[in-house]
Amino acid sequence: MDTRKKIIDSIYEALRSDINTLKLKPGEKISEARMAERYNVSRAPVRDAIRRLQQDKLVLVKPQIGTIVAPVSLEKARDICQIRLLLEPYAAEVAAERITDDDILILDKQFTLLASYNNEEIKEKCIYETDSILHRMIWRLCGNNEIYQIIDSYQDEIHRIRQSTLKLANRAVPTEEEMRGIYKALQHKDPLASREVMYDHILNLKTAVEEVLAEES
């Protein structure tokens with residue numbers, strides 16, 4: 001990899017992280033000159049990194065205004081949930097047929113760790129980590145790379161939406177009970193149960209988004 005590409009990749013990843021963690025907030029202007037100074041580079045690699053963020057729909061380039069962080073859209077979150085509702089129950093069903101003892105051992109360790117925490121803040125972080133491990137394992141095991149790529153591409157936006165919308169953040173925490181239901185169905189290698197509990201899990205997230213949307217309309 002050449003030096004210029006490494007620089008662009010580094011700036012892109014840093015800006016992407018700042019956007020997803022809300023260090024750069026929705027609607028905030030991104031100055032090429034300030035970013036070039038921050039990373040001690042010319043404007044050219046910053047511009048290239050911003051183009052990639054634009055392709056990711058994380059920034060908007062507006063004439064006469066410049067580059068701004070894209071706004072958060074609950075409508076988009078609802079649409080993403082609908083796509084997940086169509087794809088993830090199927091992925092869970094197939095994963096239950098393909099899961100190995102080694103995969104189950106990984107989940108065993110993660111859920112044992114989750115059960116060990118009493119501190120609410122630490123436990124919530126572990127819930128999100130466990131949810132991510134569980135879903136990514138299912139996407140991998142389903143054997144359909146397109147499903148993995150489609151759903152994985154939404155994760156940053158879902159995280160940003162959840163972080164920026166307090167009402168949704170309070171309602172969209174995956175419940176330990178829901179996750180354990182998926183885990184147990186996979187443990188028993190039960191395709192039908194895995195499909196059903198995954199459907200309920202995603203449906204609850206979609207319902208939370210729709211409730212917040214209704215309150216804000």
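What follows is a list of stops, from the whole chain down to a single side chain.

**Before you click**

This is a predicted model, so to speak of local features a pLDDT of at least 70 is needed, side-chain atom pairs count only at pLDDT 80 or more, and totals for chains, interfaces and linings use all residues. Residues are numbered from 1 along each chain as its sequence is written, and side-chain values use heavy atoms, with hydrogens and water left out.

**Stop 1: the whole chain**

Show everything as a cartoon. Along its principal axes, the C-alpha trace spans about 55 × 45 × 35 Å. Of the 217 residues, 40% are buried, where buried means under 20% relative accessible area, exposed over 50% and partly exposed in between, using a 1.4 Å probe on protein chains only.

**Stop 2: the sheet**

Select residues 59-62 and 66-69. These are strand 2 and strand 3, which pair in the antiparallel sense over four bridges (strands pair if DSSP finds at least two bridges between them). Look for V61, which sits opposite T67. The two strands make a hairpin with three residues between them, and Q64 in the turn has a positive phi of about 70 degrees.

Touching, or contact, means heavy atoms within 4.5 Å, while the angle runs from 0 to 180 degrees between N-to-C directions of lines fitted to C-alpha atoms, for helices over the stretch in contact.

**Stop 3: helix 6**

Select residues 120-141. Helix 6 has 22 residues and reaches 31 Å from first C-alpha to last, close to the 32 Å expected at 1.5 Å a residue (the expected span is 1.5 Å times one less than the number of residues). At its start, a side-chain oxygen of N119 comes to within 3.0 Å of the backbone nitrogen of E121. Just past the helix, G143 has a positive phi of about 75 degrees.

**Stop 4: the nonpolar core**

Which residues have the most contacts inside the largest nonpolar core? Select I99, L107, F111, L134, I138 and L186 to see them; the core has 27 residues. A nonpolar core is a set of buried Ala, Val, Leu, Ile, Met, Phe, Trp, Tyr and Cys residues joined through side-chain atoms within 4.5 Å. Helix 6 gives the largest share, seven residues. Zoom in on L134: leaving aside neighbours within four places in sequence, L134 is in contact with L107, F111, M179, I182 and L186.

**Stop 5: H201**

Finish in helix 11 (residues 191-216), where H201 sits. Is H201 buried or exposed? Buried, because its relative accessible area is 7%. Not counting residues up to four places away in sequence, H201 touches D131, H135, P174, E178 and I182. The H201 side chain also makes a polar contact with the D131 side chain, at 3.2 Å. A polar contact is a pair of N or O atoms within 3.5 Å; within protein, one must be able to donate a hydrogen and the other to accept it, and residues adjacent in sequence count only if both atoms are side-chain atoms.
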